[in-house]
Amino acid sequence: MDVATTLGWLAAILMLIGAFFTFVGGLGALRMPDFYTRMHAASLTDSAGPIFILIGLMLISETWLVAIKVFTILVFLLITGPTASNALASASLLAGNKPGLANDQSEAE
Amino acid sequence: MVEILNIFIMLMLVITALAMVSSRHLFVTVMLSGIFSLLIAASFLLLDAADVALTEAAVGAGISTVLFLGALALMDVEETTRGVRRIRMVSLIVVAVTTIFIVHATFYMPAFGDINAPIHQHVAPWYIQHVPIHMDIPNIVTGILGSYRGYDTLGEVFVVFTAGIGVLSILGDPIKNRQHRPAHNRGLRHYLIPRLVGRMLIPFIILFGLYVQFHGEYSPGGGFQAGALVAAAIILYALLEGEDKALQVIPMRVLYIMMASGALLYGGVGVAALLMGGNFLDYSVLASTPVAGQQWGILLIEMGVGLTVTGVLITIFHAFAARSNL
Amino acid sequence: MIIQVVAFALIVTMMLGLVRAIKGPKVYDRVLAVNMMGTKTVLLLAVLAFIDDRPDYLDLALAYALINFIGVFAVLEFFRTRESQLVIAETDDTGEASDEAPGNEGGK
């Protein structure tokens with residue numbers, strides 16, 4: 001990858017931001033106290049990470065076809081990710097999982 | 001660089017496998033097998049096996065989870081254990097000895113990526129040299145699977161077909177087993193967001209499946225992957241709207257015909273080659289020039305594979321769903 | 001160089017997700033981890049396509065991006081139709097009941 005150009009620099013910065021968001025999301029999914037907070041961390045960064053990483057990849061694509069393919073992946077990820085989170089939260093609520101509140105100690109892990 | 005990534009992925013694969021074995025809760029095992037599938041697809045890709053990775057992606061991402069859950073709905077989620085869980089001395093010894101033999105055998109294997117490995121000396125160069133001459137398609141894997149090893153692929157199609165029949169004969173006719181539920185309680189109709197998004201994506205999944213089917217000679221893909229993708233789209237529709245709607249779109253009769261006609265089409269191409277003066281599954285004689293004949297043959301048998309796989313996967317889903325009310 | 005860093009960040013995140021999937025404690029945590037790792041796999045495959053300079057690999061990422069969410073729908077439908085859903089939801093593989101109160105009749 002050619003970092004020397006302005007576009008290359010921009011792509012590198014975007015991808016690093018994306019990698020940071022992704023990593024933070026993973027950390028949140030591991031460290032947060034209850035299911036809904038974990039889902040909050042994971043699902044938000046599941047949208048933020050791909051936006052930055054895939055736009056970065058689009059900038060360093062060599063042909064238009066590749067850039068369009070990456071863009072398509074981004075669009076589908078942005079559609080399906082939040083939908084899956086919504087369905088998962090519905091499933092969890094359905095089974096009687098209540099979100100933990102700050103003053104409710106029983107929910108903490 | 002890629003090797004280091006692969007080592008990490010292998011490590012995760014082993015951890016996932018151990019967790020799957022030690023878990024007593026079958027739902028947990030199903031979820032972990034989903035992770036296993038994701039990891040092994042990445043591992044296949046790192047080993048440059050894009051076609052296999054695409055198969056794993058198409059089957060493992062959606063369908064296998066759905067089918068596992070369908071099976072799980074028919075039984076207890078808790079794994080039952082007979083008596084005390086103790087390690088038997090005999091099995092321990094057998095496992096240990098086998099492990100020692102296997103580990104010992106790996107020392108005689110060529111190193112990873114070794115250019116002097118037998119496979120890179122005889123078979124692989126022959127394929128790389130002859131696929132452009134014999135059939136003139138860029139994806140060598142499709143050439144090997146479709147033509148040189150057409151017998152293997154024919155066998156696989158019949159295995160898939162037999163699996164479909166096997167599931168049907170164990171679980172019974174999906175139509176007769178259909179449990180009648182009130183209309184408002186079918187599928188995920190009340191879940192507006194999944195329903196809207198799912199319905200919106202179904203055409204794209206089918207379109208991508210067709211791309212994988214007909215572009216399989218140029219990029220990773222082929223009948224198996226395309227069949228799994230199209231089946232995933234139909235199963236998604238069934239999940240969203242209930243099986244009754246899905247059965248209206250593709251009735252069981254059509255599915256049975258798809259299952260059988262795909263295998264028939266594949267065998268028929270072989271017989272046609274025979275009748276036109278060639279060997280069984282020798283496509284060279286199918287058209288005016290051998291190269292065109294090979295291309296036609298591969299296109300037709302891939303269609304057969306796609307039809308059978310789609311039909312069988314949807315049939316298996318309906319068979320489970322009718323029983324389990326999924 | 002940067003792109004390799006991204007690949008490693010993705011692998012590390014997948015490891016964190018794997019830990020969450022094994023740890024649980026509730027089944028939903030595991031579903032969440034699977035879903036999260038699915039997205040990371042899509043990104044990893046796309047990044048690998050650029051590392052190896054093989055645009056074909058993007059097809060795989062596209063396949064995952066399109067159908068990876070179906071599993072979550074199946075989980076939702078599974079819990080919706082299952083009679084003994086409370087039993088499934090509240091025991092983990094250690095066999096202990098979690099801290100949820102059973103008997104949630106209104107949630108169906």
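Visitor: Across the interface of chain B and chain C, how many residue pairs in polar contact does the rule find?
Guide: This is a predicted model, and the pairs counted here have both residues at pLDDT 80 or more. Across the interface of chain B and chain C, the number of residue pairs in polar contact that the rule finds is three.

Visitor: Which elements give two or more residues to the side of chain B that touches chain C?
Guide: The elements of chain B that meet this condition include α1 (2-22), α2 (26-46) and α3 (50-72). Further along chain B, two others also give two or more residues to the side that touches chain C, namely α10 (192-214) and α11 (223-241).

Visitor: By class, how many residues on that side of chain B are nonpolar, polar and charged?
Guide: Leu and Met count as nonpolar, while Asp counts as charged. On the side of chain B that touches chain C, the classes come to six charged, ten polar and 48 nonpolar residues.

Visitor: Which side chains meet in a salt bridge?
Guide: Across the interface of chain B and chain C the rule finds one salt bridge. With an N to O distance of 3.4 Å, which is within the 4 Å cut-off, the side chains that meet are those of C:R54 and B:D48.

Visitor: What area is buried between chain B and chain C?
Guide: The contact involves 64 residues of chain B and 49 residues of chain C. Carbon and sulfur atoms give 80% of the buried area, which is about 5100 Å².

Visitor: Which residues in chain B lose the most area to chain C?
Guide: Together they account for 12% of what the side of chain B buries, and they are B:M12, B:L38 and B:L45.

Definitions and conventions: Residues numbered from 1 in each chain as written. Chains lettered and ligands numbered in written order. Predicted model: local features only at pLDDT ≥ 70, side-chain atom pairs only at ≥ 80, totals over all residues. Heavy atoms only, no water. Contact = heavy atoms within 4.5 Å. Buried area = accessible area lost by both parts, 1.4 Å probe. Polar contact = N/O pair within 3.5 Å; in protein donor to acceptor, adjacent residues only side chain to side chain. Helix = DSSP H or I, 4+ residues; strand = E, 2+ residues; numbered from the N terminus.
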